[in-house]
Amino acid sequence: MNTDPIADYLTRVRNAIKANHRVVEIPASNLKKEITKVLFDKGYIANYKFEEVGPQGSIKVALKYHPITKISAIRSIQRISKPGLRKYAGTSNMPRVLNGLGIAILSTSKGVMTDKEARQQNVGGEVLCYVY
């Protein structure tokens with residue numbers, strides 16, 4: 001049993017990057033699928049694939065590296081809102097990661113999106129993680 005599946009997702013990605021793996025497999029959930037789509041849309045991962053095997057399914061994430069220097073596109077990925085201490089942000093106090101160079105992934109009433117998209121749609125929500 002896992003008490004924080006989002007932290008497990010982020011840790012699996014972080015560990016795969018440190019081990020220079022090309023692909024990481026993660027147990028699926030709807031929230032994890034949405035986070036994966038945001039990471040792909042913003043160019044932090046190369047590709048992803050949802051597989052329906054077993055009762056839960058899985059997500060295969062192809063990690064993105066620079067072709068010459070072999071440095072990952074994801075320099076840092078960290079969980080912000082935890083089960084013991086939820087962090088919420090309104091439109092007025094939306095976080096800016098690395099002064100706008102990184103992204104904050106939020107779970108809002110209009111779905112999972114980045115901090116920039118939430119500012120444009122004038123919605124707040126739970127700050128899931130920072131990526132840069």
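Predicted model: local features only at pLDDT ≥ 70, side-chain atom pairs only at ≥ 80, totals over all residues.
A salt bridge joins Asp8 to Arg12, with 3.0 Å between the closest N and O atoms. Both residues belong to helix 1, and because they lie 4 residues apart, about one helical turn separates them.

Side chains of opposite charge can pair when their charged atoms come close. Across the whole structure, 9 salt bridges are found. One is formed by Arg79 and Asp4, whose closest N and O atoms are 3.0 Å apart. This pair connects distant parts of the chain: Arg79 is located in strand 4 (residues 77-79), whereas Asp4 lies in the segment before helix 1 (5-18), 75 residues away. Arg79 and Asp4 are both buried.

A further salt bridge is formed between Lys60 and Glu51, with the closest N and O atoms at 3.8 Å. The relative accessibility of Lys60 is 30%, and Lys60 is therefore classed as partly exposed. Together with Lys49, the residues Glu51 and Lys60 make up a network of salt bridges.

Lys37 is situated in helix 2, which spans residues 30-41. With 31% relative accessibility, Lys37 is partly exposed. When neighbours within four places in sequence are set aside, Lys37 is in contact with Tyr48 and Phe50. The C-alpha atoms of Lys37 and Leu106 are separated by 13 Å, the two residues being 69 residues apart along the chain.

Technical notes:
Residues numbered from 1 in each chain as written. Heavy atoms only, no water. Helix = DSSP H or I, 4+ residues; strand = E, 2+ residues; numbered from the N terminus. Buried < 20%, exposed > 50% of the residue type's maximum accessible area, 1.4 Å probe, protein only. Contact = heavy atoms within 4.5 Å. Salt bridge = Lys/Arg side-chain N within 4 Å of Asp/Glu carboxyl O.
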